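Please keep the viewer at hand as you read.

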Amino acid sequence: QVQVVESGGGLVQAGGSLRLSCAASGSIFSFNTMTWYRQAPGKQRELVAGLTSGGSTNYADSVKGRFTISRGNAKNTVYLQMNSLKPEDTAVYYCRGEINWIYYWGQGTQVTVSS
């Protein structure tokens with residue numbers, strides 16, 4: 001059973017930083033892609049940043065230059081470094097891993113940015 005667990009969320013003032021972590025266990029395979037999504041109250045879930053096994057990254061326009069996705073040393077581990085946080089970044093952040101078009105989601109971690 002593959003499990004994906006996010007951590008690192010919390011309350012931070014505008015302009016501050018947080019680093020989210022995502023770790024997956026239970027798979028002998030490495031994920032092809034690992035992606036961060038977020039969902040704010042009353043809004044649809046949106047892609048924040050993605051990372052492929054080859055090292056390619058992509059970001060939502062709203063976070064470019066502020067957020068950085070990176071791979072951890074442990075297999076199926078990824079981080080999201082979030083700098084210059086804004087109140088509009090407030091959301092539940094979810095990590096998703098993909099192996100051969102099968103997707104595994106975590107339960108999410110809350111990020112709240114106060115103005």
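Arg66 counts as buried, because its relative accessibility is 10%. Keep in mind that this is a predicted model. What does Arg66 form a salt bridge with? The partner is Asp89, and the closest N and O atoms of the two are 2.8 Å apart. Asp89 lies in the loop between S8 and S9, while Arg66 lies in the loop between strand S6 (57-59) and S7, so this pair ties together parts that are 23 residues apart in sequence. Asp89 is itself buried, because its relative accessible area is 1%.

Asp89 also forms a salt bridge with Arg38. Arg38 sits in strand S4 and Asp89 in the loop between S8 and S9, so here the parts tied together are 51 residues apart in sequence. Glu46 is partly exposed, at 34% relative accessibility. The distances are set out below.

| Salt bridge | Closest N and O atoms |
|---|---|
| Arg38 and Asp89 | 2.9 Å |
| Arg66 and Asp89 | 2.8 Å |

Through shared partners, Arg38, Glu46, Arg66 and Asp89 are joined by salt bridges into one network. A search of the whole structure finds four salt bridges.

Now for the nonpolar interior. In soluble globular proteins, nonpolar side chains tend to be buried together. The largest nonpolar core here has 28 residues, and those with the most contacts inside it are Trp36, Val48, Phe67, Val78, Leu80, Met82 and Tyr93. Two or more residues each are given to this core by strand S3 (18-25), strand S4 (33-39), strand S5 (46-52), S7, S8, S9 and strand S11 (109-114).

Thr109 belongs to strand S11 and is buried, with 11% relative accessibility. A polar atom of the Thr109 side chain lies 3.1 Å from the backbone nitrogen of Gly9. Not counting residues up to four places away in sequence, Thr109 touches Gly9 and others, among them Glu6, Leu20 and Tyr93.

Two loop residues have backbone angles to look at. Most residues other than glycine have a negative phi. Asn76 has a positive phi of about 60 degrees although it is not a glycine, and its place is the loop between strand S7 (67-71) and strand S8 (77-82). Ser84, in the loop between S8 and S9, has a positive phi of about 50 degrees and is not a glycine either. Are these two buried or exposed? Asn76 is buried, with a relative accessible area of 4%, whereas Ser84 is partly exposed at 42%.

Finally, the surface. Trp101, Tyr103 and Trp105 make a nonpolar surface patch of about 390 Å². Trp101 is in the loop between strand S9 (91-99) and strand S10 (102-105), and it counts as exposed because its relative accessibility is 69%. Gln1, in the segment before strand S1 (3-7), is also exposed, at 84% relative accessibility. Beyond its neighbours within four places in sequence, Gln1 is in contact with Ser25 and Gly26. The C-alpha atoms of Gln1 and Ser27 are 7.4 Å apart, although 26 residues separate them along the chain.

Methods
Residues are numbered from 1 along each chain as its sequence is written. This is a predicted model: local features need pLDDT of at least 70, side-chain atom pairs count only at pLDDT 80 or more; totals for chains, interfaces and linings use all residues. Side-chain values use heavy atoms; hydrogens and water are left out. Patches are made of residues with over 30% relative accessible area and no salt bridge: like charges are joined within 9 Å, nonpolar side chains (Val, Leu, Ile, Met, Phe, Trp, Tyr) within 5 Å. Accessible areas come from the Shrake-Rupley method with a 1.4 Å probe; for residues, only the protein chains shown count as cover. A salt bridge is a side-chain nitrogen of Lys or Arg within 4 Å of a carboxyl oxygen of Asp or Glu. Helices (H or I, at least four residues) and strands (E, at least two) are DSSP runs, numbered from the N terminus. Buried means under 20% relative accessible area, exposed over 50%, partly exposed in between (1.4 Å probe, protein chains only). Contact means heavy atoms within 4.5 Å. A nonpolar core is a set of buried Ala, Val, Leu, Ile, Met, Phe, Trp, Tyr and Cys residues joined through side-chain atoms within 4.5 Å. A polar contact is a pair of N or O atoms within 3.5 Å; within protein, one must be able to donate a hydrogen and the other to accept it, and residues adjacent in sequence count only if both atoms are side-chain atoms.
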